[in-house]
Amino acid sequence: MTYRREEHTMIPESDLEGVSVDTLAVRAGQIRTGQLEHSDAIFPTSSFVYGSAAQAAARFGGDEPGNIYSRFTNPTVQAFEARIAAMEGGERAVATASGMAAILSTCMALLQSGDHVVCSRGVFGTTNVLFQKYMARFGVETSFVALTDLDEWQQAIRPETKMLFIETPSNPLCEVADMAALAKLAHAADALFVVDNCFCTPVLQRPFEFGADIVIHSATKYLDGQGRCIGGVVVGPNRLMDEVYGFLRSAGPTLSPFNAWVFLKGLETLPIRMRAHCENALELATWLQQQVGVERVYYAGLKSHPQHELAASQQTGFGGVLSFTVTGGQDKAWAFIDATRMISITANLGDVKTTITHPGTTTHGRLSPDDKAHAGITDNLIRISVGIESIDDLKVDLKRGLAALSA
Ligand SMILES: *Cc1c(COP(=O)(O)O)cnc(C)c1O
């Protein structure tokens with residue numbers, strides 16, 4: 001197909017073959033209308049009209065492709081889906097109303113009563129609740145295992161196991177999973193290997209290259225990157241995504257065109273933002289390690305991290321999230337947090353603004369004391385999602401926290 005500038009509505013995929021993820025983030029999936037707008041168009045409409053009754057019938061019958069109703073067909077949402085699918089290197093993406101809706105839709109579409117899931121223990125708290133409380137109600141049982149212990153994974157797999165689910169690096173301790181090894185285990189058991197790639201984004205890590213079957217994102221985090229919208233996306237082969245899309249069409253946890261448009265704008269700057277996040281985080285992690293009052297820093301970019309080599313072999317950067325323990329207990333951790341003035345005290349992450357939180361009483365507050373101990377969530381642990389402010393200004397603010405430790 002020749003690419004005719006005056007006519008095109010969507011940049012043909014063939015023109016973007018072999019380009020880097022940086023270019024795909026800016027160019028892939030754009031749909032141009034007859035106005036030939038340079039920036040992505042937004043289509044805030046619930047339904048679409050047809051030229052005739054016969055065309056309406058053809059659309060509904062699936063004989064003619066085209067838009068019908070924005071619960072399941074919207075051009076802005078499709079542009080976002082096409083862009084993220086290209087960036088992850090997957091066949092198809094299905095956008096959802098939130099990251100949790102992406103995980104729920106994947107489970108509802110691909111699991112059924114009697115199936116079993118093995119999930120890493122350190123996953124996002126709400127993901128844990130979804131599996132433990134809600135999926136269990138529908139007859140899907142979940143076993144939780146240590147992210148990095150392959151023997152534990154192997155032992156947890158049963159004949160009914162249909163899915164292995166992970167996040168890597170983990171939140172908040174930055175543990176790193178060996179994706180190729182887990183993919184092998186999953187496939188030997190005829191199970192799907194699902195990776196929540198929220199922390200790295202396709203700019204830093206592309207799980208399909210290590211054998212993942214499905215990649216999930218909370219677009220709320222780095223994909224937007226500026227804290228504006230809630231959304232999610234599931235990426236995978238057509239045969240699986242047809243099922244996820246079918247569930248979405250029937251159940252309706254759909255991404256709105258406005259949010260899709262914001263995410264399209266967010267993706268354009270994702271590669272340069274991720275590089276800035278990584279650079280600041282590595283610098284802060286290294287600096288924190290040298291400060292009096294800091295016990296231990298958890299960041300896979302540090303040579304002292306037990307899985308530094310593995311992280312380096314799977315990721316092109318170590319991400320923007322780090323955590324550390326301070327000398328003392330919860331009172332000292334809270335005092336540190338409260339002494340900062342510029343950094344936002346919020347549990348959100350993946351924002352250009354640096355955020356700080358106490359996992360033990362926020363993101364991981366719902367875990368039992370036993371589960372906390374197992375997950376390494378101690379009272380003196382603090383998590384920082386490092387933004388793109390000046391590193392010097394971040395240090396000035398964190399020094400206020402350090403000073404509060406000895407107060
Ligand atoms: C935030 C988050 C989710 C959930 O996404 P929402 O958009 O808040 O629903 C899932 N996984 C990870 C790793 C997250 O950080």
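This is a predicted model: local features need pLDDT of at least 70, side-chain atom pairs count only at pLDDT 80 or more; totals for chains, interfaces and linings use all residues.
Which residues in helix 4 meet which residues in helix 9?

**Stop 1: helix 4 and helix 9**

Select residues 99–110, which make up helix 4, together with residues 238–251, which make up helix 9. On the helix 4 side, the residues in contact are Ser105, Thr106, Met108, Ala109 and Leu110; they meet Leu240, Glu243, Val244 and Phe247 in helix 9. The two helices pack at an angle of about 105°, with their axes 8 Å apart. Helix 4 and helix 9 are therefore roughly perpendicular to each other, since angles of 65 to 115 degrees fall in that class.

Keep helix 4 selected and inspect its length. Its twelve residues reach 17 Å from first C-alpha to last, close to the 16 Å expected at 1.5 Å a residue. Helix 4 is mostly covered, with nine of its twelve residues buried. The buried residues are Gly99, Ala101, Ala102, Ile103, Ser105, Thr106, Cys107, Ala109 and Leu110.

Next, display the side chain of Ser98, at the N-terminal end of helix 4. Ser98 caps this end, with a side-chain oxygen 3.3 Å from the backbone nitrogen of Met100.

**Stop 2**

Now show the open sheet of seven strands, whose order is 1-7-6-5-4-2-3 and whose pairing is mixed. Strand 1 (92–96) and strand 3 (141–145) stand at the edges; each has a single partner strand, so one side of each is left without a neighbour in the sheet. On average, neighbouring strands here are turned by 20° against each other, direction ignored.

Zoom in on strand 1 and strand 7 (residues 232–236), which run antiparallel and are joined by five bridges. Within this pair, Ala93 stands opposite Val235 in strand 7.

**Stop 3: backbone geometry**

The bond joining Thr168 and Pro169 is cis, with omega about -5°. The bond from Asn171 to Pro172 is likewise cis, with omega near 5°.

Most residues other than glycine have a negative phi, and most peptide bonds are trans. Against that background, select Leu36, which has a positive phi of about 55° although it is not a glycine. Leu36 is located in the loop between helix 1 (21–27) and helix 2 (53–61). Its relative accessibility is 44%, so Leu36 counts as partly exposed.

Thr201 is the next selection; its phi is positive, at about 65°, although it is not a glycine. This residue lies in helix 8 (residues 201–204). Is Thr201 buried or exposed? Thr201 counts as buried, because its relative accessibility is 0% and the cut-off for burial is under 20%.

**Stop 4**

Move on to the open sheet of five strands, ordered 8-9-12-11-10 with mixed pairing. Its edge strands are strand 8 (294–298) and strand 10 (344–345), each of which pairs on one side only. Inside the sheet, select strand 11 (residues 355–357) and strand 12 (residues 381–385), which pair in the antiparallel sense over three bridges. Thr357 stands opposite Arg383 in strand 12.

**Stop 5: Asp397**

Finish at Asp397, in helix 15 (residues 391–405). Asp397 is buried, with a relative accessible area of 0%. Which residues does Asp397 contact, leaving aside its neighbours within four places in sequence? With those neighbours set aside, the contacts of Asp397 are Thr340, Arg341, Met342 and Ile343.

Note on methods
Residues are numbered from 1 along each chain as its sequence is written. Side-chain values use heavy atoms; hydrogens and water are left out. Two strands pair if DSSP finds at least two bridges between them. Helices (H or I, at least four residues) and strands (E, at least two) are DSSP runs, numbered from the N terminus. The expected span of a helix is 1.5 Å times one less than its number of residues. Buried means under 20% relative accessible area, exposed over 50%, partly exposed in between (1.4 Å probe, protein chains only). A polar contact is a pair of N or O atoms within 3.5 Å; within protein, one must be able to donate a hydrogen and the other to accept it, and residues adjacent in sequence count only if both atoms are side-chain atoms. Axes are lines fitted to C-alpha atoms, for helices over the stretch in contact, and angles run from 0 to 180 degrees between N-to-C directions. Angles under 35 degrees count as roughly parallel, over 145 as roughly antiparallel, 65 to 115 as roughly perpendicular and the rest as oblique. Contact means heavy atoms within 4.5 Å.
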